[in-house]
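Subject: Structure for you to look at

Hello,

Here is the structure I said I would pass on. Please open it first, then read the notes below it.

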Amino acid sequence: MKIAIIGTGNVGGALGGSLAKAGHSVTFAGQDAEKAATVAQAAGATSASVADAIAGADAVVLAVPGSSAPAVAAANAAALAGKTVIDATNPLKADYSGLATGPDSSNAELIAAAAPGARVVKAFNTVFAGNMADAARLGTSLDALYATDDEVARAAFREVASAVGFRPVHVGPLAAARELEAMAWLNIRLQFVTNGYWQSSFGLVGAPEAALA
Ligand SMILES: NC(=O)c1ccc[n+]([C@@H]2O[C@H](COP(=O)([O-])OP(=O)(O)OC[C@H]3O[C@@H](n4cnc5c(N)ncnc54)[C@H](OP(=O)(O)O)[C@@H]3O)[C@@H](O)[C@H]2O)c1
């Protein structure tokens, strides 16, 4: 699959690197073209402008700061139409005291409203970047909980998540992103209060078969 990774930081670098290693055709893009080229070189991938990366992709991963993501989607709405857009962002408040959205909204829904033709999937936001770089490092299978209304995006995400070693678990329609973003915040807060290792990840025991299909 041709995958554009928008954002060349912790998440973009880790996920893009794992996807490239799995044999996908990955293009990195960020605000800083030089940094995107460096990250791409390290991953064995290519880099491009945000517009060109999206234009050439089957699926697009949004790995930008949560507060920037709806604007990035709006600025590229026409190009995103019809494409699977994997929203890995968390709308953290600037002072890291909680979520800027919710409980009656989510970044994923803001992104879908900003790019109405995009096939938006909320996913990977509950997974720390280190686990995206190496899904096997904890010695157990990790779940990629995801939410979407779109069957095409669902199939694409299953392929992407499986390729990098995760069990994809569909937790419901895109509005379930509200809960996925809250879960991500819970896991982040856990690191703060425990001086944690940024490794803990969610797994659903006894997941219904339909959620795994
Ligand atoms: N870190 C984690 O473990 C983790 C896990 C799950 C989800 N998340 C979420 O994933 C997102 C990314 O997190 P991160 O830790 O990777 O952040 P990060 O290291 O700060 O990286 C953010 C990237 O976004 C790019 N960017 C910012 N504004 C942009 C714009 N307008 N257009 C294009 N690119 C833009 C930046 O590019 P330049 O450097 O070129 O400016 C930077 O490479 C956040 O929403 C975060 O909440 C993080």
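Which helix gives the most to the shell around the ligand? Helix H1, residues 10–21, does, with three residues. Keep in mind that this is a predicted model.

The ligand has 26 residues around it, and those that come nearest are Gly 9, Asn 10, Gly 30, Asp 32 and Thr 89. By type, the shell holds 12 nonpolar, 12 polar and two charged residues.

Strand E2 (residues 25–29) is mostly covered, with four of its five residues buried. Strand E1 (residues 2–6) pairs with E2 in the parallel sense, over five bridges. One of the pairs to look for is Ile 5 with Phe 28 of E2. Between these strands the chain passes through H1, and this β-α-β crossover from E1 to E2 is right-handed.

E2 is also joined to strand E3 (residues 46–47) by two bridges, and E2 and E3 run parallel. Here Thr 27 has Thr 46 in E3 as its bridge partner. Together with helix H2 (residues 33–43), E2 and E3 make a right-handed β-α-β unit.

Last, helix H8. H8 covers residues 151–163, and its 13 residues reach 18 Å from the first C-alpha to the last, close to the 18 Å expected. Its buried residues are Ala 153, Ala 156, Phe 157, Arg 158, Val 160 and Ala 161. They pack against several elements, including H1, strand E4 (59–62) and strand E8 (166–172). After H8 comes Gly 165, with a positive phi near 90°.

Regards

Methods: Residues are numbered from 1 along each chain as its sequence is written. This is a predicted model: local features need pLDDT of at least 70, side-chain atom pairs count only at pLDDT 80 or more; totals for chains, interfaces and linings use all residues. A residue is near a molecule or strand if its C-beta atom, placed from the backbone, lies within 6 Å of it. Ala, Val, Leu, Ile, Met, Phe, Trp, Tyr, Cys and Pro count as nonpolar, Asp, Glu, Lys and Arg as charged, and the others, Gly among them, as polar. The expected span of a helix is 1.5 Å times one less than its number of residues. A residue is buried if 20 or more other C-beta atoms lie within 10 Å of its own, exposed if 12 or fewer, and partly exposed in between; C-beta atoms are placed from the backbone. Two residues are in contact if their C-beta atoms, placed from the backbone, lie within 7 Å. Two strands pair if DSSP finds at least two bridges between them. A crossover is right-handed if, with the strands pointing away from the viewer, the path from the first strand over the helix to the second runs clockwise.
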